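Open the model in your viewer and keep the selection panel at hand.

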Protein chains: 2
Amino acid sequence: MDKAEIRVSAEDLTNFCLRVFQKLGVSEQDARITSEVLVMADLRGIESHGVARLRRYVDGLRNGVMVAKPEITTLRETPATALIDAGAGLGQPASRQAMQQAIQKAIEVGVGFVSLRNSNHYGIAGYYAMMALEHDCIGMSMTNSDALVVPTFGRDAMLGTNPIAVAAPANKELPFVLDMATSTVSRGKLEVYERQGKPVPMGWATDERGLGTDDAHRVLENFSKRAGGGLLPLGGEGELLTGYKGYGLALLVDVLCAVLSGAAYANLVYPKTPDGKPMPANLGHFFGAWRVDAFRPVDDFKVAMCGLHLVGVLCFIVSTTTVQLSKHWSGILARAKTSYVCQQCGAQHVNWSGKCAGCGACASVCPEKAISFKEGDKQKE
Amino acid sequence: MDKAEIRVSAEDLTNFCLRVFQKLGVSEQDARITSEVLVMADLRGIESHGVARLRRYVDGLRNGVMVAKPEITTLRETPATALIDAGAGLGQPASRQAMQQAIQKAIEVGVGFVSLRNSNHYGIAGYYAMMALEHDCIGMSMTNSDALVVPTFGRDAMLGTNPIAVAAPANKELPFVLDMATSTVSRGKLEVYERQGKPVPMGWATDERGLGTDDAHRVLENFSKRAGGGLLPLGGEGELLTGYKGYGLALLVDVLCAVLSGAAYANLVYPKTPDGKPMPANLGHFFGAWRVDAFRPVDDFKVAMCGLHLVGVLCFIVSTTTVQLSKHWSGILARAKTSYVCQQCGAQHVNWSGKCAGCGACASVCPEKAISFKEGDKQKE
């Protein structure tokens, strides 16, 4: 830990955000939900989607891109689906409500899907998918986003980093939580390389001509000028490592989030008036829940989930170091719990890569090594 | 076209398969469905999943891995979901029935999901997703498969190429059809490189030590000996281009197809008896359908789908050659229609990459160039 770093408790940080949002006219309930989602991102080590984003929310609430007290309207509804207009409010409260509806429908008829339009940035996709876990449902969450990703062989950024998140419950092992952008990396990762003055790996980004580049500064400057180029889809540049699959996944997210809901799609998000004033972003989200026992008994499902863990862990053990093991295993699978107690320093949480935020010790799920972290206090409901 | 090549009409090929399956005790209806799915793969240029697979089906029906006249049983059902046991029969007839059920449920309650266990190889994932198109639904299809893919930093193949397919209807433009393995490439692609004696690009496969390799022959030999190594997940080797996302997607498919249905998961598929005899594969599939007008009017949706096409095409036009344009655009989006008439030679179909199977001419969706292909006869219902 950097000596100059100031450490703030999650509670204080949440309360700070809460006061900021309330000051800008957001209701206490909506402010609380939004603050919780932002702080959870930091607790899980996804700083790009944490409280660092607060500035953009403040700007959005001030300039009218985000409405402080939106009218959230259900436009269509069936036993298993709903379409909601988020009234250009903060993405988090409307998204939480939509995911709750999806879960309720899954409880009633086996599966529920709710799409949202006229929304804003909703924070980390995984937050909503994970809401399903305590109901013994599998949860899904997707959103489209600001166009930063260049289609395969393209020159201009036309699609968002369009994340997909899915969470599935287990019993003894951690739940499965996948929460991934469909691009190779996020803008935040380029910013880290720029600060460090390091070249980025080829396959992450293109320059304004649509050619691969290792120059993070150039890509970021092109973003601010809308000069062309951007991030590459999962699979990288061209067709060599089938980057068109990542492009296809990003398109898929746009179809389900925006085309299906009537939100803005592709690079039509975050529109501006003819004189350049920002208008509501009109992002779209898509939430789903499958009730496990609509398909098979919950206990059987959870035992098999742990079995899947087991073969996954075993395959890692034979071939890799513990650090790599914990890094990737927990990167994909262990994001689901935010509260651990480090056995070395007693800190209350680890970040998503399985490192203690207090002392930097590394968690491991390898049964041959001591497990460094145990589950902490249960999260508040 | 190679002069030595023998060209067989799709109808003759279908009838040949039909007779083979019936000879092995499969009912006429099931034989017809299975033959249709196999031939459709060839028509769409996915030869790895076409009639070349017939040998494996024949072996499977002879050695008991596949049951010719299976008992297909619905084990659980809710208004929006079902779980089906495929009775170890051919994957295609049970999968077609399951997708029909998912569509029917979507028509009734807005969305339908059906999972299948105790199944076999089901052919191309896209076939089932595309069944939803004529009902103005969005279709989804996934399956787990033979363990050929090495998890990130792993040494042994633990997961299948686990494809994901989603199809969404449009009006003037082609439907959106994404049909992709979650690995970088398929085994078939390595076989092509082996035959040509060419090194494969780094990022496609690992050797038996879990290290990246360009030696296709070595990887394929390791497969046959189960010696370790295999294909890499989408995103390639290690974490440089975030190959763990492809690994996460493959796990996701296993959770939804196998853990949720009670099928065999990960490398537990295709089990053998203690004395080495093959047992039923126990693959799992997952099918879903969303009824478009449960969310918004179908016409509005289709107009927006064409708009998505438009921004996609435009972004390509400014930056790439027509060949690249048509290759990738049609690769991802144009697989949905199998019947075109080539304006140059009159052949009745083009393959998935947009090339005429008759004369090799290239299709293009670029509005600045003449569109080489027009829609042919409507497919039979």
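In which helix of chain A does Leu18(A) lie? Select helix 1 (residues 10–23) of chain A; Leu18(A) is there. Helices (H or I, at least four residues) and strands (E, at least two) are DSSP runs, numbered from the N terminus.

Before going on, note that this is a predicted model: local features need pLDDT of at least 70, side-chain atom pairs count only at pLDDT 80 or more, and totals for chains, interfaces and linings use all residues. Residues are numbered from 1 along each chain as its sequence is written, while chains are lettered from A and ligands numbered from 1 in the order in which they are written.

**Around Leu18(A).** Leu18(A) is partly exposed because 18 other C-beta atoms lie within 10 Å. The scale: 20 or more is buried, 12 or fewer is exposed, in between is partly exposed, with C-beta atoms placed from the backbone. Now show Ala31(A), Arg32(A) and Ser35(A); Leu18(A) touches them, leaving aside residues up to four places away in sequence. Contact takes C-beta atoms, placed from the backbone, within 7 Å. Then draw a distance to Asp275(A): the C-alpha atoms are 33 Å apart, across 257 residues of chain.

**The whole chain.** Colour chain A by secondary structure to see 10 helices and 12 strands. Of its 381 residues, 57% are buried.

**The sheet.** Select the open sheet of 7 strands in chain A, order 1-2-3-10-4-5-6, with mixed pairing. Pairing takes at least two DSSP bridges between two strands. Zoom in on strand 4 (residues 137–143) of chain A: 4 bridges join it to strand 5 of chain A, antiparallel. Met142(A) stands opposite Ile164(A) there.

Helix 4 lies across strands 2, 3, 4 and 10 (283–291) of chain A, at about 160° to strand 3. Angles run from 0 to 180 degrees between N-to-C directions, with axes fitted to C-alpha atoms, for helices over the stretch in contact.

**Chain B.** Finally, show both chains. Here 71 residues of chain A contact 70 residues of chain B. Helix 9 (298–317) of chain A is among the elements that supply at least two residues to this side. Its 10 residues are the largest share.

Notes:
Contact = placed C-beta atoms within 7 Å.
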